Amino acid sequence: MIKDAFYCAGHPAPQLGVSPLSWVNEVLQYLGAGTSAEQCLNEAKQAGFQGVELSRIFPRESGALKQLLEEHQLQLISGWHDGFLTERSVEQEMDAVHNHASLLQENGAKVMVYGECGWMADNALDVPLNARRRLPDAQVKAYAERLSVFADALYNQYGLRLAYHHHLMMVAETLPEIRALLSACSPSVGLLLDTGHATAAGFSYTQLIEEFADRICHIHLKDVRLDRLQQVRASGMTFNEAVLSGMFTVPGDGGIDFRPLAEFIARSGYQGWMVVEAEQDPAKAPPLDTVTRAQRYVAQHLLPANV
């Protein structure tokens with residue numbers, strides 16, 4: 001089992017990173033097509049960030065990735081893993097994660113983002129948000145047990161804390177679903193707090209802080225344009241259509257109140273990463289200008305010295 005000492009180890013204060021999603025989309029690969037790793041990393045550094053999450057445009061060979069990041073004086077924060085523990089055994093999941101987890105470990109990451117991609121509708125990001133496939137309540141306990149064992153194994157073998165990503169269209173989207181799952185998991189299963197996915201799912205991210213503060217080991221700073229969210233929900237759009245409509249944006253450009261998060265960070269002594277992340281069309285939201293503006297907003301409004 002992973003001890004709460006995680007919060008006392010590693011970085012002495014929160015560090016600010018950025019997701020390459022502002023440059024290239026991992027699913028809609030025509031967004032940002034032709035963008036190089038060099039451009040992404042150059043601009044991330046220029047905008048004032050200390051690290052980046054993994055991207056499809058980065059090398060998957062450990063030495064090459066390490067050299068590239070060192071050249072740009074950036075750290076590897078984490079990387080998303082497509083998990084299938086709703087369908088696979090722990091042993092099968094450990095086999096599936098090996099190359100990814102090894103790459104993260106060898107490049108200094110301390111957390112791994114876990115996204116549950118099992119039990120989803122076919123082409124789930126291209127079906128209406130209200131047509132999500134839901135995991136039956138009767139299966140949550142067994143799923144939570146597998147997730148807990150997997151989280152322990154991930155930490156013991158690779159030194160990585162599992163950061164569970166609540167996410168639209170996945171098995172833990174709503175607050176009751178997140179609550180039921182985490183309540184059935186051991187403390188080994190950490191929580192990725194995503195401000196945008198909470199808001200888009202219909203609840204305030206502050207409820208996750210109130211109930212699961214001790215599990216929060218990674219933070220995605222995503223804003224939501226609330227008028228677009230209403231249109232998305234009312235018109236039955238898909239997740240990908242919502243992205244293309246501009247529902248998500250960077251902190252400071254939408255309607256989310258980040259003050260409670262700033263207070264949590266200052267009060268708790270949170271020492272993990274805060275990652276600016278927003279799925280947007282880079283042709284409409286030029287990456288360098290967008291993430292530079294976000295970096296300034298976060299530095300001014302969320303870092304403890306300014307709270």
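**Salt bridges, burial and a pocket in a predicted model**

User: What makes the pairing of aspartate 257 with arginine 259 a salt bridge?

Analyst: In this predicted model, the closest N and O atoms of aspartate 257 and arginine 259 are 3.0 Å apart. The cut-off is 4 Å between a side-chain nitrogen of Lys or Arg and a carboxyl oxygen of Asp or Glu. The value of 3.0 Å lies within that limit, and therefore the pair is called a salt bridge. Side chains of opposite charge can pair when their charged atoms come close.

User: How many salt bridges does the structure hold, and which residues are joined into one network by shared partners?

Analyst: The structure holds nine salt bridges. Through shared partners, Arg132, Glu173, Glu177 and Arg233 are joined into one network. One of the salt bridges is between glutamate 173 and arginine 132, whose closest N and O atoms are 3.0 Å apart.

User: What makes the pair of glutamate 173 and arginine 132 a link between distant parts of the chain?

Analyst: Glutamate 173 sits in the loop between β6 (161-165) and α5 (175-184), while arginine 132 sits in the loop between β5 (111-116) and α4 (137-158). The two residues are 41 residues apart, and both are buried.

User: Why are lysine 222 and glutamate 277 said to tie parts of the chain together?

Analyst: Their closest N and O atoms are 2.6 Å apart, and they form a salt bridge. Lysine 222 belongs to the loop between β8 (216-221) and β9 (223-224), and glutamate 277 to the loop between β11 (273-276) and α11 (287-301), so the pair ties together parts that are 55 residues apart in sequence. Lysine 222 and glutamate 277 are both buried.

User: Why is serine 22 called buried?

Analyst: Its relative accessible area is 4%. Serine 22 is placed in the loop between β1 (15-18) and α1 (37-46). Beyond its neighbours within four places in sequence, serine 22 is in contact with Val250, Ala278, Pro282, Pro287 and Val291.

User: How do you know that asparagine 107 is buried, and which polar atoms lie by its side chain?

Analyst: Asparagine 107, in the loop between α3 (90-106) and β5, has a relative accessible area of 11%; this is under 20%, and it is therefore buried. A polar atom of the asparagine 107 side chain lies 3.2 Å from the backbone nitrogen of lysine 66. A polar atom of that side chain also lies 3.1 Å from the backbone oxygen of leucine 103. Both distances fall within the 3.5 Å limit for a polar contact.

User: Why is leucine 135 called buried, and which residues does leucine 135 touch?

Analyst: At a relative accessible area of 12%, leucine 135 is under the 20% limit and so counts as buried. Not counting residues up to four places away in sequence, leucine 135 touches Thr86, Trp119, Val140, Tyr143 and Val171. The C-alpha atoms of leucine 135 and valine 171 are separated by 5.8 Å, although these residues are 36 residues apart along the chain.

User: What is known of the space in the largest pocket, and which residues lie nearest its centre?

Analyst: About 750 Å³ of space lies in the largest pocket. The pocket is lined by 35 residues, and Glu26, Val27, Trp80, Asp82 and His167 lie nearest its centre. The elements giving two or more residues to this lining are β4 (80-83) and α9 (239-245). By type, the lining divides into 15 nonpolar, 12 polar and eight charged residues.

Notes:
Residues are numbered from 1 along each chain as its sequence is written. This is a predicted model: local features need pLDDT of at least 70, side-chain atom pairs count only at pLDDT 80 or more; totals for chains, interfaces and linings use all residues. Side-chain values use heavy atoms; hydrogens and water are left out. Helices (H or I, at least four residues) and strands (E, at least two) are DSSP runs, numbered from the N terminus. Buried means under 20% relative accessible area, exposed over 50%, partly exposed in between (1.4 Å probe, protein chains only). Contact means heavy atoms within 4.5 Å. A polar contact is a pair of N or O atoms within 3.5 Å; within protein, one must be able to donate a hydrogen and the other to accept it, and residues adjacent in sequence count only if both atoms are side-chain atoms. On a 1 Å grid over the protein atoms alone, a cavity is a set of points where a 1.4 Å probe fits but cannot get out, and a pocket is an open set with protein on both sides within 12 Å along at least five of seven lines; lining residues have an atom within 4 Å of a point. Grid points are joined across faces, edges and corners, and a volume is the space filled by probe spheres set on the points. Ala, Val, Leu, Ile, Met, Phe, Trp, Tyr, Cys and Pro count as nonpolar, Asp, Glu, Lys and Arg as charged, and the others, Gly among them, as polar.
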